[in-house]
Amino acid sequence: MNNKFIASLALGTAIALTGQASAQVRDQIQIVGSSTVFPYTQAVAEQFANMGEFPAPVTESTGTGGGMKIFCGGVGEQTPDITGASRAMKASEYELCQSNGVKDVTEVLLGYDALSFANARSGPELSVSKAQLFQALAAEVEVDGEVKANPYKSWNEIDSSLPAEPILVYGPPPTSGTRDAWVELVMEEGCGEFEAIKALDEDRHDEVCQRMRTDGAFVEAGENDNLIVQRLETDPTAFGIFGYSFLFENQDKLKGAAIGGVVPSEDTVLTGEYGVSRPLFIYVKNAHRDAIPGLNEFVAEYVSDGAMGQDGYLIDRGLVPLSADKLEATRKSATEGETMQAPK
């Protein structure tokens with residue numbers, strides 16, 4: 001049997017098992033996943049629909065973790081074809097996919113995004129270190145050589161050079177890849193500046209470095225980054241955490257705080273000068289490729305020069321592009337349906 005027949009048979013069997021009255025597969029691509037990747041996928045979906053050969057894909061912003069759970073739920077018409085992620089797939093997610101029969105997945109590196117810490121343009125200027133951000137947002141911090149519940153209510157209590165404004169930060173929930181990346185790139189690195197925390201045993205150290213405060217200074221705002229933008233407009237002293245693309249799209253309303261003395265911009269992210277950046281991905285369910293109309297063509301459009309190249313329309317939306325060599329390797333893997341290996 002050829003691969004196309006096997007893929008179609010597998011999907012057709014899965015559809016039959018759902019008890020659908022019709023064996024006809026759906027005619028729209030279904031995509032879930034990261035709120036950060038969502039605007040890029042939406043832009044590709046619009047371009048793809050304008051080509052006129054296939055219907056517009058259905059895209060849903062579920063968060064990286066939520067998208068992985070849905071994507072790895074199985075093979076068949078009732079499950080999505082693609083999920084977006086603002087971090088790489090975890091080993092536990094890979095195992096979930098495998099256990100539910102999603103055994104052939106292609107990982108597609110799209111490019112890079114920075115994490116922005118931003119507020120309204122009318123709000124205070126802020127230049128902070130990762131250590132200061134840890135002190136503002138962690139549930140427990142070092143105070144006078146001891147690890148205690150976070151006592152800081154205002155920025156200037158952390159450092160007198162910071163604004164005399166209450167600490168109020170809107171950010172993503174634990175299911176978000178943006179939250180995972182913020183913890184890894186900001187909280188854990190900032191945590192490393194404090195001797196009393198470094199002296200803790202491994203489990204306790206990880207708990208202190210990763211746990212966000214829950215006393216109202218940090219507010220989980222869900223997976224909708226646009227909602228965070230609206231809240232920042234309402235309260236100019238509040239700050240928000242989201243991908244650079246949202247700051248890029250709302251530059252008329254928001255400004256990015258400097259982290260480590262560097263403000264997020266296309267240039268500082270591209271050069272690596274801005275030290276809070278992460279890779280973005282989509283994951284493609286290969287068993288669906290030849291059974292869902294247009295899926296191969298959609299993937300090809302996503303990794304095309306017109307989309308992801310140096311002058312592509314995704315770059316215009318804030319995606320930091322891959323090098324030419326890396327893009328070519330990514331394009332080959334994506335279009336040929338290379339099966340990803342288990343994460344380490």
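Trainee: In which sense do β4 and strand β11 (residues 254-256) pair, and over how many bridges?

Mentor: Please keep in mind that this is a predicted model. β4 and β11 pair in the antiparallel sense, over three bridges.

Trainee: What makes β4 and strand β13 (residues 277-285) a pair?

Mentor: Nine bridges join β4 and β13, again in the antiparallel sense. The requirement is at least two bridges, so β4 and β13 count as paired. Glu-107, for example, has Tyr-283 as its bridge partner in β13.

Trainee: How do you know that β4 is joined to strand β10 (residues 239-243)?

Mentor: Four bridges link β4 and β10, and the two strands run antiparallel. Leu-115 stands opposite Gly-243 in β10.

Trainee: Why is strand β4 (residues 105-120) called largely enclosed?

Mentor: Of the 16 residues of β4, 14 are buried, so the strand is largely enclosed by the rest of the structure. Buried here means a relative accessible area under 20%.

Trainee: What makes β10 mostly covered?

Mentor: Five of the five residues of β10 are buried. β10 also pairs with strand β8 (residues 169-171), in the parallel sense and over two bridges. The cut-off for pairing is at least two bridges, so β8 and β10 meet it. Tyr-170 stands opposite Gly-240 in β10.

Trainee: Let us turn to the charged side chains. Why is the contact between Glu-220 and Arg-179 called a salt bridge?

Mentor: The distance from N to O is 3.3 Å. A salt bridge requires a side-chain nitrogen of Lys or Arg within 4 Å of a carboxyl oxygen of Asp or Glu, so this contact qualifies. Glu-220 lies in strand β9 (residues 218-220) and Arg-179 in helix α7 (residues 177-191), so the pair ties together parts that are 41 residues apart in sequence. The structure holds 19 salt bridges.

Trainee: Is Arg-179 counted as buried or exposed, and on what grounds?

Mentor: Arg-179 has a relative accessibility of 11%, which is under 20%, so Arg-179 counts as buried.

Trainee: What separates Lys-198 and Glu-195 along helix α8 (residues 195-198)?

Mentor: Lys-198 and Glu-195 are three residues apart in α8, so about one helical turn separates them. Their side chains meet in a salt bridge with an N to O distance of 3.0 Å. Glu-195 is called exposed because its relative accessible area of 54% is over 50%. Lys-198, at 43%, is partly exposed.

Trainee: How do you know that Arg-331 and Glu-328 form a salt bridge?

Mentor: The N to O distance between their side chains is 3.1 Å, and the limit is 4 Å. Arg-331 and Glu-328 lie three residues apart in helix α15, so they too are separated by about one helical turn. Arg-331 counts as buried at 18% relative accessibility, whereas Glu-328 is partly exposed with a relative accessible area of 45%.

Trainee: Which residues are linked in a network of salt bridges?

Mentor: The network links Arg-87, Lys-90, Glu-93 and Asp-180.

Trainee: What makes the patch formed by Glu-266, Asp-267, Asp-311 and Asp-316 negative?

Mentor: Asp and Glu count as negative, and these four residues gather in a patch on the surface. Asp-316 lies in the loop between α14 (305-308) and α15 (324-336). Its relative accessible area is 55%, which is over 50%, so Asp-316 is exposed.

Trainee: Why is Val-75 called buried?

Mentor: Val-75 has 17% relative accessibility, and the cut-off is under 20%, so Val-75 counts as buried. Its place is in the loop between α3 (64-71) and β3 (82-85). By contrast, Glu-188 in helix α7 counts as partly exposed at 32% relative accessibility.

How values were computed:
Residues are numbered from 1 along each chain as its sequence is written. This is a predicted model: local features need pLDDT of at least 70, side-chain atom pairs count only at pLDDT 80 or more; totals for chains, interfaces and linings use all residues. Side-chain values use heavy atoms; hydrogens and water are left out. Patches are made of residues with over 30% relative accessible area and no salt bridge: like charges are joined within 9 Å, nonpolar side chains (Val, Leu, Ile, Met, Phe, Trp, Tyr) within 5 Å. Accessible areas come from the Shrake-Rupley method with a 1.4 Å probe; for residues, only the protein chains shown count as cover. The place of a charge is taken as NZ of Lys, CZ of Arg, CG of Asp or CD of Glu. Buried means under 20% relative accessible area, exposed over 50%, partly exposed in between (1.4 Å probe, protein chains only).
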